[in-house]
Amino acid sequence: MEITFDCTQCGRCCHDLRLTLSVAEARVWAGRGHRVDLLAEGWPWPEADNADGDPDDPASQWRMATSFPVSIGDVPFRVNLRLVARHVGACPHLLPDMRCGNYEARPRICRIYPLESRPFEAMVPAHRLCPPEAWGQSLPVLERDGVPADAEAAAILAAHRAAMVADVPVKERLVRVIGWAETAMAGEGLAVREIAPNALIAALDAAERGAGGAAQPWGIVTNRETTRAMLADLECPVWLVAAEEGFLSAFGDES
Ligand code: SF4
Ligand code: SF4
């Protein structure tokens, strides 16, 4: 199956950003004075049950490769930490004519859009911001049988995915350096830690030097009373919060 595409340069993907960055890209973004938030989601991951992830489930394998283990109460979890450039409205690099003012140094996630960055998900044009005319049948082939048609795009996508795996040890130390130990339940939302650009760079410096500090007791934030009660029954530290800056919810608040 072929998906055809040509960018119309409408600029929609450069607005209301949520760009997942590698550690190196986060350094560059923060170095330009722009905020990079930390977003965390976690999965209960019983050690005796698929400790290495389900070999027949690509999503399970990807989660395993891009997460680190923590204990929440006595329950083993795996936490995926993302470094995310979030920005309401136009990207600070977007020029008035919708060209990128950061073209040479733009993150990989910008270079591969609208390709799917996660290896276990198919790319769905209807889920992308690109207008209908960007998907005309006479346009160049973007993807063939789930594989990017362009070798350079395929290499950038592979590098992005490799960085998501290679960065895990630094991210595991980063949360210890800044003393943050909160996650949301995957599928419910994302715990958010805002951090000033200079503070993030300093913390990444420390984490990359191997600093990590003492392990913190982890807890879960949720805006759903049913989740809070279920986790409390398991004696997991859990906090009921409203969906706001510190918690991006996939659902409305439930009390
Ligand atoms: S860095 Fe460039 S391509 Fe990426 S969102 Fe900003 S303006 Fe768009
Ligand atoms: S939303 Fe799609 S068509 Fe519009 S600028 Fe971004 S990649 Fe191009």
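Which residue lies over the face of Y103? That would be R106, at 3.8 Å from the ring centre. Keep in mind as you look around that this is a predicted model.

Let's go to the ligands next. Around ligand 1 you'll find C14, L17, W29, C91, H93, L94, C100 and C110. Sort that shell by class and you get 7 nonpolar residues, 1 polar one and no charged ones. Cysteine counts as nonpolar in this sorting, and C14, C91, C100 and C110 are among the residues around ligand 1.

The structure holds 2 aromatic pairs. One of them is formed by F5 and W135, whose ring centres are 4.9 Å apart, with 50° between the planes, giving a tilted arrangement. This pair links distant parts of the chain, with the two residues 130 residues apart. F5 sits in the loop between β1 (2-4) and β2 (15-21), while W135 belongs to the loop between α3 (108-112) and β6 (141-144). Are these two residues buried or exposed? Both F5 and W135 are buried.

The strands β1 and β6 turn up again in a sheet. Here 3 strands form an open sheet in the order β1-β6-β7, with antiparallel pairing. β1 and β7 (147-148) stand at the edges with a single partner strand each, so one side of each has no neighbour in the sheet. As a reminder, strands of a sheet pair through backbone hydrogen bonds, either parallel or antiparallel. Between β1 and β6, 3 bridges make the join.

One last stop is E188, found in the loop between β8 (182-185) and β9 (189-193). Why does this glutamate count as buried? Its relative accessible area is 8%, and buried means under 20%. As for what surrounds E188, once you leave aside neighbours within four places in sequence, its contacts are T222, R224, T227, F247, L248, S249, A250 and F251.

How values were computed:
Residues numbered from 1 in each chain as written. Chains lettered and ligands numbered in written order. Predicted model: local features only at pLDDT ≥ 70, side-chain atom pairs only at ≥ 80, totals over all residues. Heavy atoms only, no water. Near = heavy atom within 4 Å. Phe/Tyr/Trp six-rings, centres within 6.5 Å; stacked < 30°, edge-to-face > 60°. Helix = DSSP H or I, 4+ residues; strand = E, 2+ residues; numbered from the N terminus. Buried < 20%, exposed > 50% of the residue type's maximum accessible area, 1.4 Å probe, protein only. Lys NZ or Arg CZ within 6 Å of the ring centre and 35° of its normal. Pairing = 2+ DSSP bridges. Contact = heavy atoms within 4.5 Å.
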